[in-house]
Amino acid sequence: MSTGTGADEAGITRDVSKEDQKRNRRVKRVSLGCAGITVATTVAIFLVLFDNASGYFFEYRLHEMVLGASVEQIITFAEFFTGTRWAPDHATPAHGVLPVVWGTLTVTVGAAFISIPIGTATALYVSEYAGDGMRRKLKPSLEVLAGIPTIVYGYFAISMVTPFILAPIGELVGLSFGRRSMAAGAFVVGVMTIPMVASISEDAMNSVPDDLRNGAYALGATKFDVSTKVVLPAAVSGIFASYILAVSRAIGETMAVALAAGFNANITLNPADEIMTMTAYMVQMARGESAVGTVEYQSLFAVGLVLFLMTLAMNLLNDLLKQRFREEYQ
Amino acid sequence: MSTKDQLGDIIDEGVSYEEVRGKLFLSLCIAASFFGIAMLVLLLWDVIATTHQAVFEFNVDPVHFLTQTSSRTAENAGFYSAIIGSLWLMVLVSVMAFFVGVGTAVYLEEYAPDNRWTRLFEANLANLAGVPSVVYGLLVLGVIVNGAGMGPILLAGALALALLIMPIIIVSSIEALRAVPDGVRQGSAAAGATRWQTIRNVVLPAAMPGIITGTILALARAIGETAPLIMVGALFITTRTPGPLDRFGAMPTEIYTWAAQPERQFIAMAGFGILILLGVLFTMQGIAVYIRRRYEVDFGE
């Protein structure tokens, strides 16, 4: 700053503004640094998962191998991806990841059978049929449903869904449900992903311009025709995006399936059987607090890596779909 | 009257199939919409009923429940240390996630050039939002708990939760910043303000209600999360209340521990715990909605 008493005013403002410019650049750098943290998180996830998972397969972790440790595979990829028994912590260990992947897939598919039809129908009703008053009641309840923690859904499964919904149905068709079952896991994961499907699909349907609807009405179409043959196809990209997000969420869902579906890794189609998802295995291992470097500890990261890659594939598919089907009505 | 009805029947004959189909479809949609609500009502009723059972059948004294630390026996177990753990988590998570999240949003919305890197950045953000919460727990387990050798302390759990909700805070902050019209920024720039002066004096104050609302909703999400805490090693029966550098349990992990027990009293107490957890969450969500309604700046667009 100018200290001279006779300094002209222009000079002072120029100095102040230089100071402000400097501060502006500093803030820009700091905010860029903040943004860098999200990138660092992504990089760190990849590094940590691959590093520890390689300890599971090769005995040495990735960074140790880079530093010159000998590479000797102790668990082959063939065993890992095709073996049908999963018990890394057993006295006679088995390292086939298929049973837990199967558990995750059955719960995901079962959940999709609930969340996709019900979520889509809810979205259609809210967007096409419901009056303002009904919409104002339905949407907040869906938001509440979406805001309930997954642990609560798990509790709901063991204290309400299994004994009072699934067990009576099971009796009718000759299945006996224990405390935990594949069907219970699929049911609650399906219920918890309904709001996701409904709200994203409804947004997509809302963005379909009324001109399309009116055009169809002018041709003599009924409300049913307009909903199913005009609105649904026009909103298809957003609707598919909601399905993919719901499936991705179901794959990564942890606490509800750990409580509802159980910890018994087996390949089964019986919905009353106890199964184990990848996430449930991780919960089981983390509860055991296995020591660092043991095969149990490393298997945690191997399974985590498979889980992460599956959800990543879903998210990338979602990005791709968004670009492929981008319909701009506005 | 009869002739009119007959006439109506004759006219309707051609369209009656379509009408029936339309009505059937509508009732299916209504039924589907109410399925979600029915599940919500059933869930809340279940939680209240088990709380009632805990208090009146198992004689769980609510005062005892709220003031005792956790224990291996159902008679002595309480929720106090879990509540304190969750409060600590809430404070630490909000400090860690808020500034970084808002900073990132400010960069992306106000400073970042519109080029390929920025778009890659946004795609990365979308993918981070889709990463399962257990994976964040694994990340912190590998890097902080074992990598840095800090052990399963509360701070590590807070870090996992902060990373988990960071993308949510960023996205909602970006939306809030985007809602401030460009004319406001240009007006400030025309008066000679720098970018940062514009952001600090004009844009951020206008966007703050939206940012705060998004942050509170994200915090509510973090408080209910269980999986990352379990990965970090939070299933620990603490007989004393945890601080940031202690081993810890939080409300959701305590609920999980109880719900996984075979004893019916523990399961009923898990219901009680859930009632408290849901009470906290609904309060936070209510505050968030109130702030949005009360303080939102309307630019008349």
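**Close-ups of a two-chain predicted model**

**View 1. Helices α8(A) and α9(A) make a right-handed crossing.** This is a predicted model, and here we're looking at one helix pair in chain A. Helix α8 of chain A covers residues 210-218, and helix α9 of chain A covers residues 223-234. Their axes come within 10 Å and cross at roughly 145°. On the α8(A) side, the contact is made by A:L212, A:R213, A:A216 and A:Y217. Facing them from α9(A) are A:D225, A:V226, A:V230, A:V231 and A:A234. Sort the contact by class and you get seven nonpolar residues, two charged ones and no polar ones.

**View 2. Domain 1 of chain A meets domain 2 of chain A.** The domain assignment puts domain 1 of chain A at residues 9-74 and domain 2 of chain A at 82-324. The contact itself pairs seven residues of domain 1 with eight residues of domain 2. The domain 1 side of that contact has five nonpolar and two polar residues, with no charged residues.

**View 3. Chain B also has two assigned domains.** In chain B, domain 1 runs over 2-57 and domain 2 over 66-295. Their C-alpha centres lie 38 Å apart. Six residues from domain 1 of chain B and seven from domain 2 of chain B take part in the contact. What classes of residue does domain 1 of chain B bring to the side that touches domain 2? Three are nonpolar, three are polar and none are charged.

**View 4. Chain B and chain A in contact.** The contact takes 72 residues from chain B and 70 from chain A. Which helix gives the largest share of the chain B side? That's helix α2 of chain B (residues 16-56), with 19 residues. By class, the side of chain B that touches chain A divides into 48 nonpolar, 19 polar and five charged residues.

**View 5. Confidence along chain B.** Before you zoom in, a word on the scores: the model has ipTM 0.89 and pTM 0.90. Chain B averages a pLDDT of 88, and 92% of its residues score at least 70. Among the elements of chain B, helix α7 (residues 154-178) has the highest mean pLDDT, 95. The lowest mean, 51, belongs to helix α1 of chain B (residues 2-12).

Terms used
Residues are numbered from 1 along each chain as its sequence is written. Chains are lettered from A and ligands numbered from 1 in the order in which they are written. This is a predicted model: local features need pLDDT of at least 70, side-chain atom pairs count only at pLDDT 80 or more; totals for chains, interfaces and linings use all residues. Domain bounds come from an automatic or database domain assignment. Two residues are in contact if their C-beta atoms, placed from the backbone, lie within 7 Å. Ala, Val, Leu, Ile, Met, Phe, Trp, Tyr, Cys and Pro count as nonpolar, Asp, Glu, Lys and Arg as charged, and the others, Gly among them, as polar. pLDDT is the predictor's confidence in each residue, from 0 to 100. Helices (H or I, at least four residues) and strands (E, at least two) are DSSP runs, numbered from the N terminus. Axes are lines fitted to C-alpha atoms, for helices over the stretch in contact, and angles run from 0 to 180 degrees between N-to-C directions. A crossing is left-handed if the near helix is turned anticlockwise from the far one by less than a right angle, and right-handed if clockwise.
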